[in-house]
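I opened this model to look up its nonpolar cores and its aromatic rings. My entries follow.

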Amino acid sequence: MRRKIFILLFVNAMLGIAGGFVLSSAAPQYYFPLYWLIPVYYTVLGMIYAAVMFHRARVRPRGLLNTFMLMRGVKFLVTVAGIVLYLSLDGVQRFTFCLVMMIFYFMYMFVETYLYYNLEQRRRKHGLQ
């Protein structure tokens, strides 16, 4: 579990650094000062997601799909609330913020799906109920 969390942190850091580099060098007019909050936000959500999913895989593996879908729904609602909060408070580079937030959302959705797939494969391999 610690190895997977380390991998998740590493992927989050690399995506955040790469995204910031691409945004600041390829399109500096779209770089906004609060960019760093997006990778931090998804890292925190990723850690919560990983903790819940690993705990659920140990305690009740059969309910893993329900937990996976519930976490996706909660993440979507929290992300939309964060976008609305940013737009209502700051509003600098609105379009860019929304675009970058959604790009990160879909990238992390892929990572979370991969994590769920690995947990489900492990459950099937070991015959856990």
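I started with a ring pair. The model is predicted, and in it Phe106 has a relative accessible area of 49%, so I logged Phe106 as partly exposed. I then checked its partner: Tyr105 and Phe106 form an aromatic pair, with 5.5 Å from centre to centre and 75 degrees between the planes, which is edge-to-face. Tyr105 is buried, at a relative accessible area of 8%.

I next looked up how many aromatic pairs there are by this rule. The count comes to 13. For Phe32 and Tyr35 I noted ring centres 6.2 Å apart and planes at 70 degrees; over 60 degrees counts as edge-to-face, so this pair is edge-to-face. Phe32 is buried, with 0% relative accessibility, and Tyr35 is buried as well, with a relative accessible area of 4%.

I then turned to the cores. The largest nonpolar core has 14 residues, and Phe32, Ile38, Tyr42, Phe97, Val100 and Phe104 touch the most other members. Helix 4 gives the most, with 7 residues.

Leaving out residues up to four places away in sequence, Ile38 touches Phe32, Phe97, Val100, Met101 and Phe104. Apart from this core I found another, of 13 residues, which includes Met53, Phe68, Val111 and Leu119.

Methods
Residues are numbered from 1 along each chain as its sequence is written. This is a predicted model: local features need pLDDT of at least 70, side-chain atom pairs count only at pLDDT 80 or more; totals for chains, interfaces and linings use all residues. Side-chain values use heavy atoms; hydrogens and water are left out. A nonpolar core is a set of buried Ala, Val, Leu, Ile, Met, Phe, Trp, Tyr and Cys residues joined through side-chain atoms within 4.5 Å. Buried means under 20% relative accessible area, exposed over 50%, partly exposed in between (1.4 Å probe, protein chains only). Helices (H or I, at least four residues) and strands (E, at least two) are DSSP runs, numbered from the N terminus. Contact means heavy atoms within 4.5 Å. Rings of Phe, Tyr and Trp (its six-membered ring) pair if their centres lie within 6.5 Å; planes under 30 degrees apart count as stacked, over 60 as edge-to-face and the rest as tilted.
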